[in-house]
Amino acid sequence: MRECIAAVPGEEGVDLRLTMANMLASQGKNDAAEKELLAAAALVPSNQAAQVEIVRGLLAADRPQPALPMIEKLADIMFV
């Protein structure tokens, strides 16, 4: 799977990173899931829908701390 992710760089690889993160989190590998999710977030900083999915993934992986700044940014955008 990592080879597939590496073969699809940029914004197009976000869905693969989300899938990989979900798989890792379901196996209890939350640190690795967090790494994939933060890498995905860096690829699509202005894509609100993707950011919401990334926040969901971080919360599912029991990683609320890195999700907080993203939640705040999304709230600022949505409630302006």
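Trainee: Which residues in H4 meet which residues in H5?

Mentor: Please bear in mind that this is a predicted model. On the H4 side, the residues are Gln 48, Gln 51, Val 52, Ile 54, Val 55, Leu 58 and Leu 59. They meet Pro 64, Pro 66, Ala 67, Met 70, Ile 71, Leu 74, Ile 77 and Met 78 in H5.

Trainee: At what angle do H4 and H5 pack, and how far apart are their axes?

Mentor: In general, a pair of packed helices is described by the angle between the axes and the distance between them. Here, H4 and H5 pack at about 150°, and their axes are 9 Å apart. Angles over 145 degrees count as roughly antiparallel, and H4 and H5 are therefore roughly antiparallel to each other.

Trainee: Is the crossing of H4 and H5 left-handed or right-handed?

Mentor: The crossing of these two helices, H4 and H5, is left-handed.

Trainee: Which residues touch the most other members of the largest nonpolar core?

Mentor: That core has 19 residues, and the ones that touch the most other members are Leu 37, Ile 54, Leu 58 and Met 70. At least two residues of the core come from each of helix H2 (14–26), helix H3 (30–43), helix H4 (48–60) and helix H5 (64–78). H2 gives the most, with five residues.

Trainee: With which residues is Leu 58 in contact, leaving aside its neighbours within four places in sequence?

Mentor: With that exclusion, Leu 58 is in contact with Glu 34, Leu 37, Leu 38, Arg 63, Pro 64, Pro 66, Ala 67 and Met 70.

Trainee: Why does Asn 30 count as buried?

Mentor: Asn 30 counts as buried because its relative accessibility is 19%. Asn 30 likewise lies in helix H3.

Trainee: Which backbone oxygen does the side chain of Asn 30 reach?

Mentor: The side chain of Asn 30 reaches the backbone oxygen of Ala 61, at 3.2 Å. When residues up to four places away in sequence are not counted, Asn 30 touches Ala 25, Ala 61, Asp 62 and Arg 63.

How values were computed
Residues numbered from 1 in each chain as written. Predicted model: local features only at pLDDT ≥ 70, side-chain atom pairs only at ≥ 80, totals over all residues. Heavy atoms only, no water. Core = buried A, V, L, I, M, F, W, Y, C linked by side-chain atoms within 4.5 Å. Buried < 20%, exposed > 50% of the residue type's maximum accessible area, 1.4 Å probe, protein only. Helix = DSSP H or I, 4+ residues; strand = E, 2+ residues; numbered from the N terminus. Contact = heavy atoms within 4.5 Å. Polar contact = N/O pair within 3.5 Å; in protein donor to acceptor, adjacent residues only side chain to side chain. Axes fitted to C-alpha atoms, helices over the stretch in contact; angles between N-to-C directions. Parallel < 35°, antiparallel > 145°, perpendicular 65-115°, else oblique. Left-handed = near helix turned anticlockwise from the far one by under 90°.
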